[in-house]
Amino acid sequence: MAQLWGGRFTKETDQLVYQFNASIGFDQKFYRQDIKGSMAHVRMLAKQGILTEEERDQILSGLEGILSDVESGVLAITSEYEDIHSFVEANLIDRIGDAGKKLHTGRSRNDQVALDMRLYVRDELMEIDELVKELLITLERIMEENLHTYMPGFTHLQKAQPITLAHHLGAYFEMFKRDRQRLHDIYERMNYCPLGSGALAGTTYPLDREYTAELLEFAGPTQNSMDSVSDRDYVIEFLSALSTIMMHMSRFSEEIIIWNTNEYQFVEIDDAYSTGSSIMPQKKNPDIAELVRGKTGRVYGALVAILTTMKGIPLAYNKDMQEDKELTFDAIDTVKGCLALFEGMISTMRFRKERMENSAKNGFTNATDAADYLVGKGVPFRDAHGIVGRLVLYCLDKGISLDDLSLEEYQKISPVFEGDIYDAISMKNCVERRNTIGAPGAAAMQAVFEKNRKYLEEN
């Protein structure tokens with residue numbers, strides 16, 4: 001078909017070149033944003049007297065018809081068109097005639113695509129924010145249900161000190177809360193309207209860019225027309241935030257995979273979120289957790305790709321920037337799918353509480369508390385550390401835990417030990433005595449629950 005820019009050219013574009021250049025295969029994804037932007041542009045043109053009210057109404061009616069027909073499937077977006085902008089404009093002219101040719105007055109495809117991408121990212125950002133919030137709501141529920149579920153805390157994947165499941169999951173609550181804060185920060189920075197910037201140097205038409213920005217619910221218009229058409233910082237920031245969300249889900253998934261092993265058996269994943277083996281009937285594989293972990297690299301790839309694309313582009317618009325779309329669209333779809341499935345997996349997962357507590361006991365996670373007990377009896381900490389180290393060696397040789405030692409065995413290594421050592425090193429007391437801000441004790445965690453509930457209500 002004839003191109004919207006064909007007047008300068010004396011022969012048809014080579015078909016292979018045309019296909020290589022075309023973006024309709026992927027930018028059709030934001031047909032709604034393109035039509036929404038065109039409607040705002042037309043209203044502004046009429047307000048400024050650049051179009052008549054009759055022309056405005058004709059164009060708006062035509063655009064509404066195109067949107068309705070695409071939504072209902074009556075009108076298909078096909079590769080006959082170079083991009084979504086050409087599709088909309090060509091169909092508009094077919095429907096309403098010469099008035100449709102005035103749609104593009106005071107506008108370039110450069111500021112048009114900049115607007116469409118910004119609107120699309122803004123819409124998707126809010127959807128992802130809502131999915132992260134749903135995940136936080138689920139995490140908070142599980143935390144409150146497991147205030148007294150004792151388990152080992154780890155460093156270096158070695159059992160370290162006893163904590164609760166509520167405390168462990170609380171670390172992920174903080175991570176995903178920061179993810180939402182990042183999304184909100186990006187929204188504030190990107191929420192400015194590039195429409196009216198033209199190809200790069202604005203336009204001689206008396207456009208009211210403040211009005212256009214208001215119609216599209218932006219905070220205001222962008223302030224430099226060259227930056228407006230060549231800025232993809234918000235895409236990079238968005239992909240960076242999505243990569244961080246995936247990184248957090250991947251870390252959590254790795255723990256679920258470990259907890260699901262025969263050696264740990266801390267969790268039982270619901271049948272709906274796991275699969276079996278084609279030849280090994282005993283297997284129950286944590287497929288969703290593994291796929292989330294695997295797909296994290298896919299989202300990272302999109303971030304690195306756009307950074308690499310943008311690093312050598314001179315001002316203002318260059319065709320390279322068309323590469324911002326496919327990988328961004330894929331990353332968005334990937335993150336949305338992972339968030340929905342991950343939330344479903346953890347909300348249906350069963351925690352083996354007794355197994356978790358026994359693991360904490362058998363991993364000497366209360367050794368630090370045994371040392372603190374001695375310090376409370378007047379033993380210098382460095383000496384207490386050495387005494388408990390010898391106790392641990394003795395237990396390892398016997399294949400028992402600190403809880404299993406007799407008082408006589410304790411006193412053979414240090415006569416300072418008395419009968420109250422058993423209370424001092426019980427999982428409950430080890431955890432409950434830690435009540436500074438951010439610690440796993442019940443009082444500290446109850447304060448966290450209250451703050452979390454308030455945050456979720458207000459945000």
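**Reading charges and helix contacts**

Tutor: Gladly! With a relative accessibility of 48%, Glu145 counts as partly exposed. Keep in mind that this is a predicted model.

Student: Which residue does Glu145 meet in a salt bridge?

Tutor: For a salt bridge, look for a Lys or Arg side-chain nitrogen within 4 Å of an Asp or Glu carboxyl oxygen. Here the partner of Glu145 is Arg141, at 3.2 Å from N to O. Both lie in helix H6, four residues apart, about one turn of the helix. Arg141 is partly exposed too, because its relative accessibility is 36%.

Student: Which parts does the salt bridge between Lys47 and Asp208 tie together?

Tutor: Check where each partner sits. The Lys47–Asp208 pair meets at 2.7 Å, N to O. Lys47 is in helix H3 and Asp208 in the loop between strand S3 and helix H8, so the bridge links parts 161 residues apart in sequence. Asp208 counts as buried, at 18% relative accessibility.

Student: What about Arg122: is it buried or exposed?

Tutor: Arg122, in helix H6, is buried but has no salt bridge. The nearest side chain of opposite charge, Asp123, is 4.6 Å away. Its contacts beyond four places in sequence include Lys36, Tyr187 and Glu217.

Student: And how do the axes of H5 and H6 cross?

Tutor: Look at the angle between the axes. They come within 11 Å and cross at roughly 110°, so H5 and H6 are roughly perpendicular to each other. Where they meet, H5 contributes Ile84, His85 and Ser86, while H6 brings Arg109, Gln112, Val113 and Asp116. By class, this contact has two nonpolar, three polar and two charged residues.

Note on methods. Residues are numbered from 1 along each chain as its sequence is written. This is a predicted model: local features need pLDDT of at least 70, side-chain atom pairs count only at pLDDT 80 or more; totals for chains, interfaces and linings use all residues. Side-chain values use heavy atoms; hydrogens and water are left out. Helices (H or I, at least four residues) and strands (E, at least two) are DSSP runs, numbered from the N terminus. Buried means under 20% relative accessible area, exposed over 50%, partly exposed in between (1.4 Å probe, protein chains only). Lys and Arg count as positive and Asp and Glu as negative; His and the chain ends are not counted. Contact means heavy atoms within 4.5 Å. Axes are lines fitted to C-alpha atoms, for helices over the stretch in contact, and angles run from 0 to 180 degrees between N-to-C directions. Angles under 35 degrees count as roughly parallel, over 145 as roughly antiparallel, 65 to 115 as roughly perpendicular and the rest as oblique. Ala, Val, Leu, Ile, Met, Phe, Trp, Tyr, Cys and Pro count as nonpolar, Asp, Glu, Lys and Arg as charged, and the others, Gly among them, as polar.
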